[in-house]
Amino acid sequence: MDSEPPAEGSRPRRIAAALRKRPPATPATAISLSDLDPSLRRPAMLRSAAIIGLSWVLIFGAYFALPIGRESGLRAVLRLGLDIALIGAVLAWQVKRISVAELPELRAVEALGIIIAVFLVAFSAIYLSLSHETPGTFTQTLDHARALYLTITVFSTVGFGDITPRTDASRLIVSAQMLLDLAIIGVVVRLLFNAAKSRVAPADGPATTTGEASAS
């Protein structure tokens, strides 16, 4: 006797039932660096160091390779707002990346390294443009290396004094960098690591509760 053909619509119903029985996909659990197995901790840290190093090579390599600083000084000043917006966009992207990372603390360190590199290159390009537009803007005519050197000395608050601004426009931009330096040190660092802490906290909370329940 020939078997009866399956009822119309039975196959879609079976597929739907199988999908309902399938366990839902769970996001990757965040792991604190201190809780990571020692055999895995060192490779993870080396990987983060390699990511930071590669990012710096690409960012600073582009700074030295591209014809940066050829626009007029006025356009360079106007570009300051765009550079600040770019840094804010990179910060928002990195915070979002930390919020879904398996090792959020290492991702926060990577994010900080990338943001600092973008910040230094942005201001170096502005100083370079000002110097090309008006050679007397600074006590020395800047090239790529000198502009980056000036930015780093201002960022680190060392201020050797061998390269200093001479015009009001350059003084205002250097002052803006000083204020943003404080923002990066006081706000950006805290924001990144608070995002990492918030990412780890949901994973640590239940584990702590379970341990306390077992001990009791």
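Visitor: Hi! Does α4 pass α5 in a right-handed or a left-handed crossing, that is, which of the two is it?
Guide: Hello! α4 passes α5 in a right-handed crossing. A crossing is right-handed if the near helix is turned clockwise from the far one by less than a right angle, and left-handed if anticlockwise. This is a predicted model, where local features need pLDDT of at least 70 and side-chain atom pairs count only at pLDDT 80 or more, while totals for chains, interfaces and linings use all residues. Residues are numbered from 1 along each chain as its sequence is written, and side-chain values use heavy atoms, with hydrogens and water left out.

Visitor: Which residues of α4 and α5 make the contact?
Guide: From α4 come Ile116, Phe119, Leu120, Phe123, Ser124, Tyr127 and Leu128, and from α5 His144, Ala147, Leu148, Leu150, Thr151, Ile152 and Phe155. Contact means heavy atoms within 4.5 Å. By class, this contact of α4 with α5 has eleven nonpolar, three polar and no charged residues. Here Ala, Val, Leu, Ile, Met, Phe, Trp, Tyr, Cys and Pro count as nonpolar, Asp, Glu, Lys and Arg as charged, and the others, Gly among them, as polar.

Visitor: And at what angle do α4 and α5 pack?
Guide: About 125°, with their axes 8 Å apart. Axes are lines fitted to C-alpha atoms, for helices over the stretch in contact, and angles run from 0 to 180 degrees between N-to-C directions. α4 and α5 are therefore oblique to each other: angles under 35 degrees count as roughly parallel, over 145 as roughly antiparallel, 65 to 115 as roughly perpendicular and the rest as oblique.

Visitor: Stepping back, how many helices and strands does the protein chain have?
Guide: Six helices and zero strands. Both are DSSP runs numbered from the N terminus, helices being H or I with at least four residues and strands E with at least two. Of the chain's 216 residues, 34% count as buried. Buried means under 20% relative accessible area, exposed over 50%, and partly exposed in between, with a 1.4 Å probe and protein chains only.

Visitor: Okay, on to Glu110. Where is Glu110 found?
Guide: In helix α4, which covers residues 104-133. Glu110 is buried, with a relative accessible area of 0%.

Visitor: Which side chain does a polar contact join to Glu110?
Guide: That of Arg107, at 2.7 Å. A polar contact is a pair of N or O atoms within 3.5 Å; within protein, one must be able to donate a hydrogen and the other to accept it, and residues adjacent in sequence count only if both atoms are side-chain atoms. Not counting residues up to four places away in sequence, Glu110 also touches Arg47, Ser48, Ile51, Ile52 and Arg97.

Visitor: You mentioned Ile51. Which side chain has a polar atom 2.8 Å from the backbone oxygen of Ile51?
Guide: The side chain of Ser55. Ser55 lies in helix α2, residues 38-65, and is buried at 14% relative accessible area.

Visitor: What does α2 meet in α5?
Guide: Phe60, Tyr63 and Phe64 of α2 meet His144, Ala145, Ala147 and Leu148 of α5. α2 and α5 pack at about 135°, with axes 10 Å apart.

Visitor: Last one: which residues is Ala108 in contact with?
Guide: Leaving aside neighbours within four places in sequence, Ala108 is in contact with Ile98, Leu192, Phe193 and Ala196. Ala108 has its place in helix α4 and counts as buried at 0% relative accessibility.
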